[in-house]
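Have a look at the picture first, and then read on.

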Amino acid sequence: MKEWLLIVWIGTTTNFTVMERHLSEESCNQSAEKLKASTDPKFTVECSSDLREGRSQLPKPFGSGGVAK
């Protein structure tokens, strides 16, 4: 099952906050539209199921950090 995240991008693509989690893209998009209406236009509100780019406030998987030797 794919999880959709409602994200607010702050400035650049490396700085964002996960606002909500949804089980469907439709539900996420509905929440995104409501949030866009009440959010400053300088912030980007979107739904995503892929967080490979940018830094996240989500915890990193075990073993994903550190220095390669």
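A polar contact is a pair of N or O atoms within 3.5 Å, where one must be able to donate a hydrogen and the other to accept it. Keep that in mind as you explore this model, which is predicted. The side chains of Ser-31 and Glu-20 are joined by such a contact, at 3.3 Å.

Where does Ser-31 sit? You will find Ser-31 in helix 1, which covers residues 25-37. Its relative accessible area is 18%, and because buried means under 20%, Ser-31 counts as buried. Setting aside neighbours within four places in sequence, Ser-31 is in contact with Leu-6, Glu-20 and His-22.

Now turn to the strands. Strand 1 pairs with strand 2 (residues 16-22) in the antiparallel sense, over 6 bridges. Here Trp-4 stands opposite His-22 of strand 2. Strand 1 also runs antiparallel to strand 3 (residues 43-48), and 6 bridges join these two. Leu-6 has Cys-47 in strand 3 as its bridge partner.

Cys-47 brings us to another kind of link. A disulfide is a covalent bond between the sulfur atoms of two cysteines. The model has 1 disulfide, formed by Cys-28 and Cys-47, with their sulfur atoms 2.1 Å apart. Because Cys-28 lies in helix 1 and Cys-47 in strand 3, the pair ties together parts that are 19 residues apart in sequence. The torsion about the S-S bond is about -105°, so this disulfide is left-handed. Cys-28 is buried, at 0% relative accessible area, and Cys-47 counts as buried at 18%.

How values were computed
Residues are numbered from 1 along each chain as its sequence is written. This is a predicted model: local features need pLDDT of at least 70, side-chain atom pairs count only at pLDDT 80 or more; totals for chains, interfaces and linings use all residues. Side-chain values use heavy atoms; hydrogens and water are left out. Two strands pair if DSSP finds at least two bridges between them. Helices (H or I, at least four residues) and strands (E, at least two) are DSSP runs, numbered from the N terminus. Buried means under 20% relative accessible area, exposed over 50%, partly exposed in between (1.4 Å probe, protein chains only). Contact means heavy atoms within 4.5 Å. A disulfide is a pair of cysteine sulfur atoms within 2.5 Å.
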